[in-house]
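I opened this entry to go through the ligand site, the charged pairs and the backbone in turn. My notes follow the order in which I looked things up.

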Amino acid sequence: MALRTPATTSQSRWNRSTAIAAWLLVASVSVAGADDEKFNYDEARAPAYTLPDPLKMQDGRPVIAAAAWRDERRGELLRLFETHVYGQRPPTSQALRAQVLETASAVHDKATRKRIQLSFSDSSETYPGFTITLFVPRGTKGPVPAFIGMHLFDSKAAEPVPGQHLAELESENLPGDRLMEVILERGYAIATLDANEFCPDDKQKFRDGVLSHLYPGRKGPPAAEEPGAIATWAWALSRTLDYLSEDSDVDARRVAVIGHSRMGKTALWAGAEDPRFALVISNNSGCGGAALSRRDFGETVARITRVFPHWFCGNFSKYAHHEDQLPIDQHELVALIAPRPVYIASAQDDGWADPRGAFLSALGADPVYRLLGEKGLQTADFPAVGITIGQTIGYHIRVGKHALTDYDWMKYLDFADRWLRRSDSKTSAPGN
Ligand code: GTR
């Protein structure tokens, strides 16, 4: 399924409700899919499983000191995720050129909107990358913290409307420009990108953008360890951070990467790979995101790799129906973000994304946070709907459906206030 461009909010809403209706038909009961897959929504039928221990090296050695995590285990886990789930990080050796295409007043004069074109050069060619749309709150002194993500708001509109995934907002939510105002009033800049501009969300066309320059001549779905779309989108988020490091309006040490659904998977992988992201937010990211692969509830590795073969590296599909053979599970993706703050959120009617599986992932990462001296999740109990838990690992499950709502945003703003208002950010240079 390709990402739709956010033509108008009402159009997107219509598309969304049609999609929800179709999805509910398929997903509300345990039914046979196209290739006889069955999806489980019954907690009592989710079989037992054993998670790999994030604090045990592949060779069996226990990780008992923070230094061993930093120096050995973190790198080992990153390589395992590259090899088995997302693919290797695309090269970062290109020279990056940023050209400010436009600077304008926007969002009822609450923001300065900049459109920045990034292009890349390597030894043989120069090629276009993508456009960043950056909204900076007006009247603030000095560089501000920022949220960056894919399709957060319509990157082309003067008065921004929610993008692809935010178009799923319920009627009680604010219109996009009002939500944007609230975020700006709280002192945050927002940078948003359009994934389709550089790596189309389409299994036939995903190579048409930057990948045709990064891996010239390659065809077909991603090879065994080759990056898929999620790794490419995450790479672009890191390149955006490269740009923000040079933009004096933004404090690049206080940048949160945020995403919903497939872009929530992307935000987690971007945050895991790039330790410069000071905070990571995963909204309803589901299978291949925060939800545990071994837990049989909602979407499965078999289904996601069949329908979206371009998202992951080729190896991931080998674990369809054999999730127990994965050398890692998604709690270790969350652990890769430690000791930096991470917030994971679910929605009650979003069984497809397995809310409890996302919570258990946060819980599974907790020992790593505690080893690194952080308070982590602070409980082992799945919270009631509408309750926010955690200190360095935040989690909530709210009422309602699969969407990034105002409710979610208000929780994220509070969490960001807790962590990004401080001067002692936990970020570090890439490679650490
Ligand atoms: C669904 C997919 C999910 C989620 C979602 C989205 O079709 O099965 O994993 O990523 O799309 O991104 O909207």
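**Ligand site**

I started with Lys265, where a polar side-chain atom lies 2.8 Å from an oxygen atom of the ligand. I kept in mind that this is a predicted model. I then checked Ser261 and found a polar side-chain atom 2.7 Å from a ligand oxygen. For Glu299, the distance from a polar side-chain atom to an oxygen atom of the ligand is 2.5 Å. I looked up the cover next: the protein takes up 87% of the 310 Å² of accessible area that the ligand has on its own.

I listed the surroundings after that. There are 11 residues around the ligand, and Ser261, Arg262, Lys265, Glu299 and Trp352 come nearest. By class, I noted 4 nonpolar, 3 polar and 4 charged residues in the shell. Which helices each supply at least two residues of the shell? I found α7 (262-273) and α8 (301-307).

**Salt bridges**

I turned to charge pairs. Side chains of opposite charge can pair when their charged atoms come close. I recorded 33 salt bridges in the structure.

I picked Glu102 and Arg115, which form a salt bridge with the closest N and O atoms 3.2 Å apart. Glu102 belongs to strand β1 (residues 95-106) and Arg115 to strand β2 (residues 111-121), so this pair ties together parts that are 13 residues apart in sequence. Glu102 is partly exposed at 27%.

I moved on to Asp242 and Arg276, whose side chains meet in a salt bridge at 2.8 Å, N to O. I placed Asp242 in helix α6 (residues 229-244) and Arg276 in the loop between α7 and β7 (279-283), so the pair ties together parts that are 34 residues apart in sequence. Asp242 is partly exposed, with a relative accessible area of 21%. Arg276 counts as buried at 16%.

I also checked Arg254 and Asp251. Their salt bridge has its closest N and O atoms 2.7 Å apart. Arg254 is buried at 16% relative accessibility, and Asp251 is buried at 9%.

**Backbone**

I went through the backbone for exceptions. Most residues other than glycine have a negative phi, and most peptide bonds are trans.

Which residues does a cis peptide bond join? I found Ala338 and Pro339, with omega about 5°. I located Pro339 in the loop between α9 (330-335) and β8 (342-347).

I then looked at phi. His151 has a positive value, near 60°. I placed His151 in the loop between β4 (144-150) and α3 (176-185). His151 counts as buried, with 7% relative accessibility.

Ser261 came up again here. Its phi is near 60°, a positive value in a residue other than glycine. I found Ser261 in the loop between β6 (250-260) and α7. Ser261 is buried, with a relative accessible area of 12%.

Methods: Residues are numbered from 1 along each chain as its sequence is written. This is a predicted model: local features need pLDDT of at least 70, side-chain atom pairs count only at pLDDT 80 or more; totals for chains, interfaces and linings use all residues. Side-chain values use heavy atoms; hydrogens and water are left out. A residue is near a molecule or strand if one of its heavy atoms lies within 4 Å of it. A polar contact is a pair of N or O atoms within 3.5 Å; within protein, one must be able to donate a hydrogen and the other to accept it, and residues adjacent in sequence count only if both atoms are side-chain atoms. Accessible areas come from the Shrake-Rupley method with a 1.4 Å probe; for residues, only the protein chains shown count as cover. Helices (H or I, at least four residues) and strands (E, at least two) are DSSP runs, numbered from the N terminus. Ala, Val, Leu, Ile, Met, Phe, Trp, Tyr, Cys and Pro count as nonpolar, Asp, Glu, Lys and Arg as charged, and the others, Gly among them, as polar. A salt bridge is a side-chain nitrogen of Lys or Arg within 4 Å of a carboxyl oxygen of Asp or Glu. Buried means under 20% relative accessible area, exposed over 50%, partly exposed in between (1.4 Å probe, protein chains only).
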